[in-house]
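Here is a short tour for anyone who has just opened this structure. Keep the 3D view handy and follow along.

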Amino acid sequence: MVNASEKIQVKELSVTYDSVPALRSVSFSVLEHEILGIIGPANSGKTTFLRTLNRLSDLNPKLKSSGEVLIDEKDIYKKWNVFQLRKKVGMVFALPSPLPISIFENLAYGPRRDGVRNKTRLSETVERSLKAAFLWDEVKDRLNESAMKLSGGQQQRLCIARTLALEPEVILFDEPCSGLDPISTAMIEDAMRELKKRYTLILVTNNTKQAARVSDRVAFFLMGELVEIDQAQKIFTVPKDKRTEGYVSGRYG
Ligand SMILES: Nc1ncnc2c1ncn2[C@@H]1O[C@H](COP(=O)(O)OP(=O)(O)OP(=O)(O)O)[C@@H](O)[C@H]1O
Ligand SMILES: [Mg+2]
């Protein structure tokens, strides 16, 4: 019997690039409406894991994977087509990458591509997404200005809004605050806490303090292995594995 609150199930997932392992038989679940933090030193497979979830590596001939990933109990390779999957699973990258067009058009682009033509509906989507990404108040009077004029922190919130405009169910964040100042970082963390009420979030971060601040549960990856997954508070205070303890106490990484 499958636990109904398991949004994503990862079963013995292994990934290699040119036969070199990047993920080693990783198994765990991601629960609906949680923020799962993924921490670990460089090259531990964190980005590889996120990219697998929405099949971003499908075209990489060096990559081979085995095992299973189920979203809503359906295999991402066998039961979802890649377009459905990418609509369901949005991704926000480390470097904000707005399109060099207006703020409004950045947000309307995806829904329009999905066939939404109605202007009122597009405007509603733009407003709703910007509000959810905590950016609306700062840009509501300049929606026709170029997105490139926004600050780095605003651009990253725009990218979050752009993901939300496509109405995903899962949002993957790969070190979304790595280039941002503490105030912009705090805004994105506030947005995430709100977003988890409606979405399932996975946050890859090199910043263990950030993982502690926003995650419900945390997974510690090391050299492609899932060392431990548990409530955030446990990972940071009473981890079960010595390697987790070493990492969270800053002894290596
Ligand atoms: N496109 C690729 N082609 C070949 N090897 C890759 C590719 N992407 C990642 N790798 C290798 O897979 C391993 C895991 O990399 P990955 O980017 O998943 O780690 P990470 O935990 O996200 O690291 P970081 O914290 O530096 O972002 C590394 O050894 C890396 O060199
Ligand atoms: Mg990475």
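Start at Tyr 17, whose bridge partner in β4 is Leu 63. This is a predicted model, so keep that in mind as you look around. The two strands involved are β1, covering residues 6–17, and β4, covering residues 63–71; they run antiparallel and are joined by 8 bridges.

Ligand 1 is surrounded by 13 residues, and the closest are Tyr 17, Ala 22, Ala 42, Thr 47 and Thr 48. Sorted by class, that shell holds 3 nonpolar, 8 polar and 2 charged residues. Which helix gives the most to the shell around ligand 1? That would be α1 (residues 46–53), with 3 residues.

Just after the helix, Arg 55 takes a positive phi of about 55 degrees.

That brings us to backbone angles. Most residues other than glycine have a negative phi. Ser 25 is in strand β2, while Phe 134 is found in the loop between α4 (119–132) and α5 (136–139). Are these two buried or exposed? Ser 25 is partly exposed, because it has 14 other C-beta atoms within 10 Å. Phe 134 counts as buried, because it has 20 C-beta neighbours inside 10 Å.

Now for the other sheet. This open sheet has 6 strands in the order β6-β7-β8-β3-β9-β10, and its pairing is mixed. The edge strands are β6 (89–92) and β10, each pairing on one side only. On average, neighbouring strands of this sheet are turned by 20 degrees against each other, direction ignored.

| Strand pair | Sense | Bridges | Residues opposite each other |
|---|---|---|---|
| β7 (residues 170–174) and β8 (residues 200–204) | parallel | 5 bridges | Phe 173 and Leu 203 |
| β9 (residues 217–222) and β10 (residues 225–231) | antiparallel | 6 bridges | Leu 222 and Glu 225 |

The pair β9 and β10 forms a hairpin with 2 residues between the strands. In the turn, Met 223 has a positive phi of about 45 degrees.

Last stop: a pair of helices. Helix α3 (residues 103–113) packs against helix α6 (residues 152–165) at an angle of about 30 degrees, and their axes are 8 Å apart. How do they lie, roughly parallel or roughly perpendicular? The angle makes α3 roughly parallel to α6. As for handedness, α3 passes α6 in a right-handed crossing.

Key
Residues numbered from 1 in each chain as written. Chains lettered and ligands numbered in written order. Predicted model: local features only at pLDDT ≥ 70, side-chain atom pairs only at ≥ 80, totals over all residues. Pairing = 2+ DSSP bridges. Helix = DSSP H or I, 4+ residues; strand = E, 2+ residues; numbered from the N terminus. Near = placed C-beta within 6 Å. Nonpolar A, V, L, I, M, F, W, Y, C, P; charged D, E, K, R; others polar. Buried ≥ 20, exposed ≤ 12 C-beta atoms within 10 Å, placed from the backbone. Axes fitted to C-alpha atoms, helices over the stretch in contact; angles between N-to-C directions. Parallel < 35°, antiparallel > 145°, perpendicular 65-115°, else oblique. Left-handed = near helix turned anticlockwise from the far one by under 90°.
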